[in-house]
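Subject: The model I promised

Hi,

Here is the structure we talked about, for you to open alongside this email. My notes on it follow below.

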Amino acid sequence: MSKTMTGPDGLVRCGWCAQTTEFIDYHDREWGFPVDDDIRLFEKLCLESFQSGLSWRTILAKRENFRQAFAGFDFNKMAKFDHQDVERLLQDAGIIRHRGKIEAVINNAKRAQELVGEAGSLAAYFWQFEMLVDEGFVPQSASTSAQSITLSKELKKRGWKFVGPTTVYSFMQAMGLVNDHALDCVGRKEVMRVRETFQKPV
């Protein structure tokens with residue numbers, strides 16, 4: 001059974017919300033809700049890449065700085081970034097100054113353009129890997145899934161970088177490709193309600 005916590009409002013939430021109060025709003029408003037917006041999908045995959053080896057708390061605290069530094073994660077704009085932009089970003093104390101990760105997300109912006117040309121949108125492509133769960137599913141019991149492993153392999157074949165199975169599964173959890181809220185978490189039913197009217201992109 002996934003761990004839960006009781007918030008200051010008396011509501012039961014996923015246990016990871018206890019790490020910091022900032023997580024509660026993120027959990028209640030974003031995490032696990034289905035997303036079909038290409039920019040948001042690309043942003044999250046980039047931020048998950050930056051998180052590799054770090055905590056999500058660190059990344060969330062810097063998210064607005066990342067957005068400003070990376071042109072709002074508009075991959076069409078980021079695809080035009082060059083060596084000078086890399087050097088500029090390496091001097092930006094508001095983000096994670098890791099050359100490999102910076103170069104990776106710029107590369108991934110170009111790959112995102114290619115993927116849109118192939119699939120019509122990032123949303124249409126990613127939602128092919130939606131993880132449907134059965135009654136025996138235990139939320140937050142694994143850090144990868146068959147779907148995240150497959151998606152990771154497919155992205156790597158297309159030249160994407162820093163998109164391992166664990167990174168991809170975290171992306172899937174956050175963007176609603178799987179409802180991984182704890183069974184008795186208040187967010188689980190809310191996500192299920194939203195998913196009932198969500199139009200899966202094609």
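Let me begin with lysine 44, whose charged end sits over the ring of tryptophan 56, 3.3 Å from the ring centre. There is another contact of this kind to look at: arginine 88 lies over the face of phenylalanine 81, at 5.5 Å from the centre of that ring. Please keep in mind that this is a predicted model.

Now the overall picture. The protein chain has 11 helices and 2 strands, and along the sequence they run β-β-α-α-α-α-α-α-α-α-α-α-α. The radius of gyration is 17 Å, close to the 17 Å that the globule rule gives for 202 residues, so the chain is as compact as a globular protein of that length. The C-alpha trace spans about 50 × 35 × 25 Å along its principal axes. Of the 202 residues, 50% count as buried. Among contacts between residues at least 6 apart in sequence, 65% join residues at least 24 apart.

Next, the aromatic residues. The count of aromatic pairs comes to 16. One of them is phenylalanine 42 with phenylalanine 75, an edge-to-face pair at 5.5 Å centre to centre with 70 degrees between the planes. This pair links distant parts of the chain, since phenylalanine 42 is in helix 2 and phenylalanine 75 in helix 5 (residues 75–78), 33 residues apart. Both phenylalanine 42 and phenylalanine 75 are buried. In another pair, the ring centres of phenylalanine 50 and phenylalanine 70 are 5.7 Å apart and the planes are at 55 degrees, so the pair is tilted. Here phenylalanine 50 belongs to helix 2 and phenylalanine 70 to the loop between helix 4 and helix 5, 20 residues apart. Phenylalanine 50 is buried, with a relative accessible area of 0%, and phenylalanine 70 also counts as buried at 0%.

Phe42 and Phe75 turn up again in one aromatic cluster with Tyr125, Phe126, Phe129, Trp160 and Phe171. The largest nonpolar core has 60 residues, and those that touch the most other members are Phe42, Phe66, Phe70, Ile102, Phe126, Leu155 and Trp160. Leaving aside residues up to four places away in sequence, tryptophan 160 touches Phe42, Leu45, Asn107, Asn108, Arg111, Ala112, Leu115, Phe126 and Leu155.

Finally, have a look at helix 1 (residues 22–29), where Phe23, Ile24, Tyr26 and His27 are buried. The buried residues of helix 1 pack against several elements, among them strand 2 (12–14), helix 2 (38–51) and helix 11 (186–197).

Best wishes

Notes
Residues numbered from 1 in each chain as written. Predicted model: local features only at pLDDT ≥ 70, side-chain atom pairs only at ≥ 80, totals over all residues. Heavy atoms only, no water. Buried < 20%, exposed > 50% of the residue type's maximum accessible area, 1.4 Å probe, protein only. Helix = DSSP H or I, 4+ residues; strand = E, 2+ residues; numbered from the N terminus. Contact = heavy atoms within 4.5 Å. Core = buried A, V, L, I, M, F, W, Y, C linked by side-chain atoms within 4.5 Å. Phe/Tyr/Trp six-rings, centres within 6.5 Å; stacked < 30°, edge-to-face > 60°. Lys NZ or Arg CZ within 6 Å of the ring centre and 35° of its normal. Rg over C-alpha atoms; globule rule 2.2 N^0.38 Å.
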